[in-house]
Amino acid sequence: MANQSTGLTRIIKAAGYSAKGIKAAWKNEAAFRQEAVLAILAIIVAFSFEFSMVERLFLISSVMLVVIVEMLNSAIEAVVDRIGSEYHELSGRAKDMGSAAVFLAMILALFIWVIIIWSYFTH
């Protein structure tokens, strides 16, 4: 059934669904918990040094991207697991692609952090 809510009511309901999703990820996904804690620590580090606003934006955005992609990966895994526990090539491919997306987001974040930290300490 389509959601009939509009305006502020729709926004409030959407925020509630989002909070429910974050709680479910925290409760059921160890990788999400680990990446969320690392993101919080990284954000603290980003504010602990005299980075420019643009550098801080890149640092924080890169770790938040990892958390966002992990959430999407967890959603893909939940849907695939809901369909059935028997092996299917397409299910395996979907899970592997979700995992690869998280890996690529982590590589990007690491690259950004290394470049900015390197620049910070070499100038």
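Of the 123 residues in the protein chain, 24% count as buried. The model on the screen is a predicted one, and the tour below moves from the whole chain to single residues.

**The whole chain**

Display the protein chain as a cartoon and follow it from the N terminus: the elements run α-α-α-α. The secondary structure amounts to four helices and zero strands. Turn the model to view its extent; along the principal axes, the C-alpha trace spans about 55 × 40 × 20 Å. The radius of gyration is 18 Å, whereas a compact globule of 123 residues would have a value near 14 Å. Consider also how the chain meets itself: among contacts between residues at least 6 apart in sequence, 63% join residues at least 24 apart.

**The annotated spans**

Next, select residues 36-53, 59-80 and 101-121, which an unreviewed UniProt entry annotates as "transmembrane region". Residues 59-80 are 100% helix and 0% strand, and the end C-alpha atoms of this span lie 32 Å apart. Residues 101-121 are likewise 100% helix and 0% strand, with end C-alpha atoms 30 Å apart.

**The nonpolar cores**

Select F32, A46, L59, V63, W113 and I116 and show their side chains. These residues have the most contacts inside the largest nonpolar core, which has 14 residues. Which helices each supply at least two residues of this core? They are α2, α3 and α4, and the largest share, five residues, comes from α2. Centre the view on F32: apart from residues up to four places away in sequence, F32 touches I22, A25, W26, V67, E70 and M71. A second, separate core has five residues, among them V66, V69, V102 and A105.

Select E35, which is found in helix α2. E35 is buried yet has no salt bridge. Where is the nearest side chain of opposite charge to E35? That side chain belongs to R33 and is 11 Å away. Leaving aside neighbours within four places in sequence, E35 is in contact with V66, V67, E70, V102 and M106.

A salt bridge would need a side-chain nitrogen of Lys or Arg within 4 Å of a carboxyl oxygen of Asp or Glu. Beyond its neighbours within four places in sequence, R56 is in contact with A46, F47, F49, E50 and F51.

**The annotated binding-site residues**

Finally, select R10, Y17, E29, E77, E86, Y87, H88, K95 and D96, where the unreviewed UniProt entry places the feature "binding site". Why do these residues not all gather at one spot? They span 87 residues in sequence and the farthest two C-alpha atoms are 38.3 Å apart, so the set does not all come together in one place.

E29 lies in the loop between α1 (7-28) and α2 (30-48). Setting aside neighbours within four places in sequence, E29 is in contact with A24, S74 and E77; E77 is itself one of the residues that the UniProt entry lists under "binding site". E86 is in the loop between α3 (53-83) and α4 (89-122). Is E86 buried or exposed? Its relative accessibility is 57%, so E86 counts as exposed.

Methods. Residues are numbered from 1 along each chain as its sequence is written. This is a predicted model: local features need pLDDT of at least 70, side-chain atom pairs count only at pLDDT 80 or more; totals for chains, interfaces and linings use all residues. Side-chain values use heavy atoms; hydrogens and water are left out. UniProt positions are given in the numbering used here, feature names are shortened, and annotations may be inferred rather than shown by experiment. Contact means heavy atoms within 4.5 Å. Buried means under 20% relative accessible area, exposed over 50%, partly exposed in between (1.4 Å probe, protein chains only). A nonpolar core is a set of buried Ala, Val, Leu, Ile, Met, Phe, Trp, Tyr and Cys residues joined through side-chain atoms within 4.5 Å. The radius of gyration is taken over C-alpha atoms; the globule rule is 2.2 Å times the number of residues to the power 0.38. Lys and Arg count as positive and Asp and Glu as negative; His and the chain ends are not counted.
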